[in-house]
Amino acid sequence: MASLSKRTATGSYSIQFEDEHRVRRTITLGKIPKRAAQQTLIHVEKLAAAQIAGTAPDADTSRWLAAAGEKLVAKLSRVGLVEVRRSGTLGGFIDFYESSRRDSGKIKPSTIAASESHYKSLRKHFGGNRPLRSITRGDAKAWRERITAGRAENTVRKYTASAKKLFNAAIDHELIDANPFGSLQSSMVEARERQFFISQEDAAKVLDACPSLDWRLIFALARWGGLRCPSEVLRLRWGDILWDKQRFIVHASKTEHHEGHGTRVVPLFPELAPLLAEAFESAEPGAEHVVTMTRDAGKNLRKPLTAIIERAGLRPWPKLFQNLRATRATELADEYPEHVAAAWLGHCVKVARDHYWQVTDDHFDQATKSAANALQKVPAGGRNESPQEAAEEPFAGDCDILQLLATYTVGDTGFEPVTSAV
């Protein structure tokens, strides 16, 4: 049995118990509330009993131990009740985590670079020397609220996703027992107000305004091929064009780390075939890539495309390249089965439904045209008048009834036969 005592002079509590070797041990708790000291006493007794029996503590004590602070766990480990808990600081683990990701060779440098700003915000908010175990769910929520100011919702969710991955890795390394960021929302949501459908007519205007063949290829491959730009567009090689099969192979940087999703085969759509044939005829001997303007996937193509769109007399739309891809995804989904359209663009049906497919003006026009045609159909019986005219025209039978009512009057006895009084 363990015992709880309190020093009158200092108000400090301490617990004494016998370990598995019947050695008297003391744990100093300090000045804490009496109720907290009593609860600690109960769990110390259970830990001591489990140690003597050579078993694991019960679930209640295990949960209490997982939530216990660093100082208390250190005191319990010094008296042999628990193993020494591995500890780490936020800054130290971020450095270790980023280094291990770079060394693995499995994470793209651009992905690592994108997460660096997310980890920088964690360092700034918590401090690099903050122990990982001391960060609570409340702390995580406070951090998220702080970074919300001035950032779009999806940006905040990207920051949160990076924090989740970091602390999940800390769990794997047994530095913490639970992820304080685990309950925070991190999945992307589609901002419908930023969706835009680029019609065939507007796309043709932009194509005509492109200053070079390379830019015509970039725009066409994004708009009618549905390729991700710049990654998939810049990786396209002449060897990927299967002229005899009227198809071409797309190398997907975004999904290549998933087994079987490194490439996909796309039809050589009629909008693309003439332009690719023209580019092939004018390509330098030995040219490898379709687009030769740049090989730098990090090059900013949005700014020049914005200028091209304005030159075409149009207003630049939000998310320039993503909406080109979303437009093509919508067109293909209207014409082909869902799984076919999604496979050609290299995403699953759910992603297409959540982030790409749009309701366009053509959909409304098609629906209202069908309704207009229905109103123009001749009703059964050969009547050619409109529904309004049909409603206003009296029925012939009604005229006969009205004539009878005007000719005959009802007597005092009414319509029913007279019955004799009983």
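Three strands form an open sheet here, in the order E1-E2-E3 and with antiparallel pairing. Strands E1 (3-6) and E3 (24-30) are at the edges with a single partner strand each, so each has one side left without a neighbour in the sheet. From one strand to the next, the twist averages 25°. Please keep in mind that this is a predicted model.

**The chain as a whole**

- The protein chain has 18 helices and 6 strands in its secondary structure.
- Of its 422 residues, 36% are buried.
- Among contacts in the chain with a separation of 6 or more, 57% are between residues 24 or more positions apart.
- The chain's accessible surface is about 25,800 Å², and carbon and sulfur atoms hold 53% of that area.

**Around the sheet**

- Strand E2 (residues 13-18) and E3 run antiparallel and are joined by 6 bridges.
- Tyr13 has its bridge partner in E3, namely Gly30.
- Packed on the sheet is helix H1 (residues 34-53), which touches E1, E2 and E3. The direction of H1 makes about 15° with that of E2.
- Setting aside neighbours within four places in sequence, Thr40 is in contact with Ile15, Leu29 and Trp64.

**The largest nonpolar core**

- This core has 48 residues, and Phe219, Phe248, Leu305 and Phe321 are those with the most contacts inside it.
- Two or more residues come from each of these helices: H8 (200-209), H9 (213-223), H10 (231-235), H11 (273-282), H12 (302-311), H13 (320-335) and H14 (338-345). Strand E5 (247-251) also gives two or more residues to the core.
- H9 provides the largest share, with 7 residues.
- Which residues does Phe219 contact, leaving aside its neighbours within four places in sequence? They are Ala203, Val206, Leu207, Cys210, Trp224, Leu305, Trp317 and Leu324.
- Another core, of 23 residues, lies apart from this one and includes Phe93, Leu132, Ile135 and Ile176.

**Helix H13, a mostly covered element**

- H13 is mostly covered, with 12 of its 16 residues buried.
- The buried residues in H13 include Leu320, Phe321, Leu324, Ala326, Ala329 and Leu332. Asn323, Arg325, Thr327, Arg328, Thr330 and Glu331 are buried in this helix as well.
- From its first C-alpha to its last, H13 reaches 24 Å, close to the 22 Å expected at 1.5 Å a residue for its 16 residues.

**Val156 in helix H7**

- Val156 is found in helix H7, which covers residues 153-172.
- Is Val156 buried or exposed? With 0% relative accessibility, Val156 counts as buried.
- Not counting residues up to four places away in sequence, Val156 touches Arg144, Ile147, Thr148 and Arg151.
- Glu145 is 11 residues from Val156 along the chain, and 9.2 Å separates their C-alpha atoms.

Conventions: Residues are numbered from 1 along each chain as its sequence is written. This is a predicted model: local features need pLDDT of at least 70, side-chain atom pairs count only at pLDDT 80 or more; totals for chains, interfaces and linings use all residues. Side-chain values use heavy atoms; hydrogens and water are left out. A nonpolar core is a set of buried Ala, Val, Leu, Ile, Met, Phe, Trp, Tyr and Cys residues joined through side-chain atoms within 4.5 Å. Buried means under 20% relative accessible area, exposed over 50%, partly exposed in between (1.4 Å probe, protein chains only). Helices (H or I, at least four residues) and strands (E, at least two) are DSSP runs, numbered from the N terminus. Contact means heavy atoms within 4.5 Å. Accessible areas come from the Shrake-Rupley method with a 1.4 Å probe; for residues, only the protein chains shown count as cover. Two strands pair if DSSP finds at least two bridges between them. Axes are lines fitted to C-alpha atoms, for helices over the stretch in contact, and angles run from 0 to 180 degrees between N-to-C directions. The expected span of a helix is 1.5 Å times one less than its number of residues.
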